[in-house]
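Work through the exercises below with the sequence and the model at hand. Each task is followed by a solution in steps.

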Amino acid sequence: MQFLLVISSIACGHALFWAVVLFRLNNRLSNRLLSLLLVMLALRVGKSVTGFVFPGHMDFFSTMGLISMAQIGPLAYFFTRSLFDNSFRLRLVDFLHFLPGIVAGVFALMGRWGFYYVFTAHVIVYVIATAYFLYKNREVYGADDLKWQWITFILGGITILWITFVLQLIFYHPLTYRLIVISAAVVFYSLSLWAIPRSKLFVADQRKKHDDTSTQHEELGKRILELFEKSEIYCDPNLTVTKLASQLKVPAYLASRAINSYFDKSFSELLVQYRIRKSENLLVADGSKALTIEAIAYESGFNTLSAFYSAFKKINKITPAQFRDRGASSAERYPLIVNR
């Protein structure tokens, strides 16, 4: 048991350390949500050992474990949303997702531990919902391959830990506790090994308006703008932030941050904006009736018709066919605004 306690303390301490670092880095919502997610995972993993080692306080540790378990799913889902959408903000109604866990904690204090089964299932329901959300937006979000890898690793890590939580409920045996602790250590340190070399993706620039970093981002932003405007690089359906960075001969994280700074958008958002603007122009161009909607979608850089329709309706609130019938000029209605 001492071995379990030591390994659990190291693994959970590591997760809590990164949670504090992320929370203090900046006020990005994605960093704050990931910080809370790491705290909840650490509490849930820690509960499995501390409650076993200190049985006299089992009710307290079990209650903390239940509350933290109930928050893992919603935090993972909202973190995913905020990671790919810079404009995403938690609405008042979104906080209702966190309420059931708090209520369950009250019932746990009354000795009703059946909620552990409910909220263990609750985690995987949110993981599946998050995976489905990513699947629906895979063409757009997948272009930002750095963030796509990051969220894939995180969801994979949560799933691995969830499996150990299920085994704990089924087999009340010291072996399952060892499995939880070892899995947690592997997950937490593996995520760190991926994130540390790419840490600048999570760090906000602490700078004055006209310092060297700002100038570098502006110069790089202008180069990206030229590639998008003159070369129409966005029409490449396989364009990713890493591929763009390779053409610019800069690290991928630097290209991503230059886009955030210069355009005030994420790479995915910029890509969609240009592709939709291209499709709008094709829809109202002379002789456009000869082109099918599907042909216009592919010509604009979309891999699938469904992704094109979804992105087009999200921006314009109407279908491509309705847009074509109206004959509106996209260049006049939606000029590209650079964050200057």
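## Exercise 1: a helix crossing

In this predicted model, helix α12 (residues 267-284) packs against helix α14 (residues 305-316) at an angle of about 90 degrees, and their axes are 10 Å apart. Classify the arrangement of α12 and α14, then describe the contact by residue and by class.

Solution. 

Step 1. Angles from 65 to 115 degrees count as roughly perpendicular. The angle of about 90 degrees therefore makes α12 roughly perpendicular to α14.

Step 2. On the α12 side, the contact is made by V272, I276, S279, E280 and L283. The α14 side contributes F308, A311, F312, I315 and N316.

Step 3. Sorted by class, the residues of this contact are seven nonpolar, two polar and one charged.

## Exercise 2: a serine in the crossing

Is S279 buried or exposed? State which residues S279 touches, leaving aside those up to four places away in sequence.

Solution. 

Step 1. S279 belongs to helix α12.

Step 2. The relative accessible area of S279 is 0%. Buried means under 20%, so S279 is buried.

Step 3. Beyond four places in sequence, S279 touches I296, S300, F308 and F312. F308 and F312 are also among the α14 residues in the contact with α12.

## Exercise 3: aromatic pairs

How many aromatic pairs does a search of the whole structure find? Classify the pair of F302 and F308 and the pair of F312 and F323 by their ring geometry.

Solution. 

Step 1. The search finds 19 aromatic pairs.

Step 2. For F302 and F308, the ring centres are 5.3 Å apart and the planes stand at 55 degrees, so this pair is tilted. F302 is buried at a relative accessible area of 2%, and F308 is buried at 0%.

Step 3. For F312 and F323, the centres are 5.4 Å apart and the planes stand at 85 degrees; planes over 60 degrees apart count as edge-to-face, so this pair is edge-to-face. The pair links distant parts of the chain, with F312 in helix α14 and F323 in helix α15 (residues 320-326), eleven residues apart.

Step 4. F312 is buried, with a relative accessible area of 0%. F323 is buried too, at 1% relative accessibility.

Step 5. Elsewhere, one aromatic cluster is formed by Y77, F78, F84, F88, F95, F98, F133, Y141 and W148.

## Exercise 4: the whole chain

Solution. 

Step 1. The chain has 16 helices and zero strands.

Step 2. Of its 340 residues, 48% count as buried.

Step 3. Among contacts between residues at least 6 apart in sequence, 71% join residues at least 24 apart.

Technical notes: Residues are numbered from 1 along each chain as its sequence is written. This is a predicted model: local features need pLDDT of at least 70, side-chain atom pairs count only at pLDDT 80 or more; totals for chains, interfaces and linings use all residues. Side-chain values use heavy atoms; hydrogens and water are left out. Axes are lines fitted to C-alpha atoms, for helices over the stretch in contact, and angles run from 0 to 180 degrees between N-to-C directions. Helices (H or I, at least four residues) and strands (E, at least two) are DSSP runs, numbered from the N terminus. Angles under 35 degrees count as roughly parallel, over 145 as roughly antiparallel, 65 to 115 as roughly perpendicular and the rest as oblique. Contact means heavy atoms within 4.5 Å. Ala, Val, Leu, Ile, Met, Phe, Trp, Tyr, Cys and Pro count as nonpolar, Asp, Glu, Lys and Arg as charged, and the others, Gly among them, as polar. Buried means under 20% relative accessible area, exposed over 50%, partly exposed in between (1.4 Å probe, protein chains only). Rings of Phe, Tyr and Trp (its six-membered ring) pair if their centres lie within 6.5 Å; planes under 30 degrees apart count as stacked, over 60 as edge-to-face and the rest as tilted.
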